[in-house]
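Please prepare a briefing on the structure shown here, grouped by topic and with the cut-offs stated for each term.

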Amino acid sequence: MSHPCVCGLLGEFKFPLTSEYFCPNCFSLKFEKKVIKRIPKYIRGHHVAISLSGGKDSVTLLHLLHKYQRKLRINRLTAIILEEEIPEIKMIRRKIVNKLRSHYSDIQIIQKSYTELFGYSLPRLVQQSDEQGLEFTPCAICGVLRRHGILQLSLDTKSDYIALGNTLEDEAGTILLNIMRGTPSRNFRDLIEYKPTDRQSLPLRFKPLSKISEKAILNYTKINHYPILNAQCAYADRSLRSEISTFLAKIEKKDPRVLYNVVSLIKKDMRRKAQVERVQRCRSCTSYSSEPVCSACRIIQKIMS
Ligand code: SF4
Ligand SMILES: [Zn+2]
Ligand SMILES: [Zn+2]
């Protein structure tokens with residue numbers, strides 16, 4: 001059955017949680033409006049770093065911040081890319097990054113590998129961890145290093161804020177993962193987007209896609225045709241997160257409101273408890289950390305000792 005768009009053209013796309021159908025142009029406009037509304041005003045006049053993996057979520061964010069840079073009064077945009085050095089992904093990412101460099105020629109794109117930042121590639125750390133029979137999954141190692149790498153590169157580029165492409169599904173997955181691991185207090189660290197008054201000397205994160213479903217992002221990428229990395233990481237199946245994602249996809253199919261409700265509820269609770277996170281210099285690498293030795297140094301020391 002065909003559905004008309006509000007403009008009279010054929011409605012081909014729809015947002016989860018709504019019953020309206022839109023033509024490609026109206027869908028794009030509505031999508032952009034939804035995302036732009038979630039970008040905090042306090043980034044105006046500042047330098048924003050975008051954490052770019054090359055996948056559809058982060059490239060969509062790059063595309064939107066670039067398109068609306070003037071309207072959002074963003075002083076400067078820098079894309080930061082962390083290379084885990086997983087051979088298949090590395091090869092495809094190289095091609096995508098080259099395309100992105102020519103597509104967004106006015107954006108500085110900085111790329112650093114895990115080896116350059118931490119002394120080891122992800123495959124090397126995973127192999128060593130497996131050989132030692134340690135309990136770390138590849139994603140657990142990768143996640144810690146990525147978090148530290150993003151902070152490091154945003155400091156190196158003197159960025160004021162970090163834009164992350166986490167989606168509704170990512171955020172819901174993080175909440176469940178933290179609860180299932182028995183560390184629900186980590187939701188505070190993983191989900192909170194700080195207000196500028198909480199600011200110390202570190203760049204603060206914001207996540208404009210965190211209430212946007214991946215289905216809507218996928219539709220937007222289909223309509224707007226920009227280069228994206230479309231490859232599955234070989235380690236993904238080893239993580240609990242991938243099982244949680246499958247579970248969430250089933251739930252979302254039955255009732256798309258559930259994920260939205262969970263994320264909204266937890267974020268609201270986190271905001272209530274928001275407080276300044278004290279940071280210090282890591283004794284080992286001098287990066288910033290809430291502990292005397294940062295989690296990246298702790299995990300690397302444990303694996304390589
Ligand atoms: S799936 Fe896991 S190991 Fe692979 S890039 Fe993502 S976080 Fe890293
Ligand atoms: Zn229309
Ligand atoms: Zn450290």
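The domain assignment divides the protein into domain 1 (1-37) and domain 2 (41-304), with bounds that come from an automatic or database domain assignment. This is a predicted model, in which local features need pLDDT of at least 70 and side-chain atom pairs count only at pLDDT 80 or more, while totals for chains, interfaces and linings use all residues. Residues are numbered from 1 along each chain as its sequence is written, and chains are lettered from A and ligands numbered from 1 in the order in which they are written.

**Domains and their contact**
- The C-alpha centres of domain 1 and domain 2 are 28 Å apart, and 12 residues of domain 1 are in contact with 15 residues of domain 2, contact meaning that the C-beta atoms of two residues, placed from the backbone, lie within 7 Å.
- On the side of domain 1 that touches domain 2, the largest share, 8 residues, comes from H1; helices (H or I, at least four residues) and strands (E, at least two) are DSSP runs, numbered from the N terminus.
- By class, that side of domain 1 has 9 nonpolar, 1 polar and 2 charged residues, where Ala, Val, Leu, Ile, Met, Phe, Trp, Tyr, Cys and Pro count as nonpolar, Asp, Glu, Lys and Arg as charged, and the others, Gly among them, as polar.

**Nonpolar core**
- The largest nonpolar core has 63 residues, of which Val48, Ile50 and Leu65 touch the most other members; such a core is a set of buried Ala, Val, Leu, Ile, Met, Phe, Trp, Tyr and Cys residues joined through C-beta atoms within 7 Å.
- Helix H6 (residues 138-156) gives the most to this core, with 7 residues, and because domain 1 (1-37) and domain 2 (41-304) both give residues to the core, it lies between them.
- Not counting residues up to four places away in sequence, Val48 touches Ile43, Leu65, Ile74, Leu77, Ser159, Asp160, Tyr161 and Ala163.

**Helix H9**
- Ala216, Ile217, Asn219 and Tyr220 are buried in helix H9 (residues 214-224), a residue being buried if 20 or more other C-beta atoms lie within 10 Å of its own, exposed if 12 or fewer, and partly exposed in between, with C-beta atoms placed from the backbone.
- These four residues are on the same side of H9 because they cover an arc of only 160 degrees around the axis, the arc being that of the directions from the helix axis to the C-beta atoms.
- The cover over the buried residues of H9 includes strand S3 (13-14), helix H1 (24-37) and helix H2 (56-67), and H9 is followed by His225, whose phi is positive, near 45 degrees.

**Ligand 1**
- Around ligand 1 are Glu84, Pro138, Cys139, Cys142, Gly143, Cys233, Tyr235, Ala236 and Ser239, each with its C-beta atom, placed from the backbone, within 6 Å of the ligand.
- By class, this shell has 6 nonpolar, 2 polar and 1 charged residues.

**Loop residues**
- Ser53, in the loop between strand S5 (47-51) and H2, counts as buried because it has 20 C-beta neighbours inside 10 Å.
- Ser287, in the loop between strand S10 (280-281) and strand S11 (288-289), is partly exposed, with 17 other C-beta atoms within 10 Å.
- Lys158, in the loop between H6 and strand S8 (161-163), has a positive phi near 55 degrees and counts as exposed, with 11 C-beta neighbours inside 10 Å.
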